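Work through the exercises below in order. Try each task before you read its solution.

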Amino acid sequence: MRGQTQNVWVLVLLLLAGVVLGGFIGNVLGDVPALSWLAYGSKFGLSSPLVLDLGVLTLQFAFTIRFTIAGIIGIIVALLVYRKL
């Protein structure tokens, strides 16, 4: 049971690294005309923060996800690396 829990955390970390690296590569290479398609994507979530004012304490919640082609490629590469482990 413990080995399976560790495998889940490895998968989550690899997927997170794939998304971050893919997004970074998409942003960097998005200005190159031949590779601009890597930055193509869609963004969804709360565009303006949700504010909860309790008088003494004010909380703001915002959550946005941006999917790009490079991020999806990063996820696929992370899954392939996980399967090789």
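**Exercise 1. Which residues make the nonpolar surface patch of about 770 Å²?**

Solution. First, the basis. This is a predicted model: local features need pLDDT of at least 70, side-chain atom pairs count only at pLDDT 80 or more, and totals for chains, interfaces and linings use all residues. Residues are numbered from 1 along each chain as its sequence is written, and side-chain values use heavy atoms, without hydrogens and water.

Next, the members. Leu46, Leu50, Leu52, Leu54, Val56, Leu57, Leu59 and Phe61 make the patch. Patch residues have over 30% relative accessible area and no salt bridge, and nonpolar side chains are joined within 5 Å. A salt bridge is a Lys or Arg side-chain nitrogen within 4 Å of an Asp or Glu carboxyl oxygen. Areas come from the Shrake-Rupley method with a 1.4 Å probe.

Then, the elements. Strands β2 and β3 each supply at least two residues of the patch. A strand here is a DSSP run of E with at least two residues, numbered from the N terminus.

**Exercise 2. How many bridges join strand β2 to strand β3?**

Solution. Four bridges join β2 (residues 50-53) to β3 (residues 58-61), and the strands run antiparallel. Strands pair if DSSP finds at least two bridges between them. Now place the partners. Val51 has Gln60 as its bridge partner in β3. Leu52 stands opposite Leu59.

**Exercise 3. Is Leu57 buried, partly exposed or exposed?**

Solution. Locate Leu57: it is in the loop between β2 and β3. Take the cut-offs: buried is under 20% relative accessible area, exposed is over 50%, and partly exposed lies in between. Leu57 has 45%, so it is partly exposed. Compare Leu59, in strand β3. Leu59 counts as partly exposed because its relative accessibility is 31%.

**Exercise 4. Which residues of helix α2 are buried?**

Solution. Start with the span. Helix α2 (residues 69-84) has 16 residues and reaches 23 Å from first to last C-alpha, close to the expected 22 Å. The expected span is 1.5 Å times one less than the number of residues. A helix is a DSSP run of H or I with at least four residues.

Now the buried residues: Ala70, Gly71, Gly74 and Ala78. They cover an arc of only 95° around the axis, so they sit on the same side of α2. The arc is that of the directions from the helix axis to the C-beta atoms. On the other side, Leu80, Arg83 and Lys84 are exposed.

How values were computed: Buried < 20%, exposed > 50% of the residue type's maximum accessible area, 1.4 Å probe, protein only. Patch = residues over 30% accessible without salt bridge, like charges linked within 9 Å, V, L, I, M, F, W, Y side chains within 5 Å.
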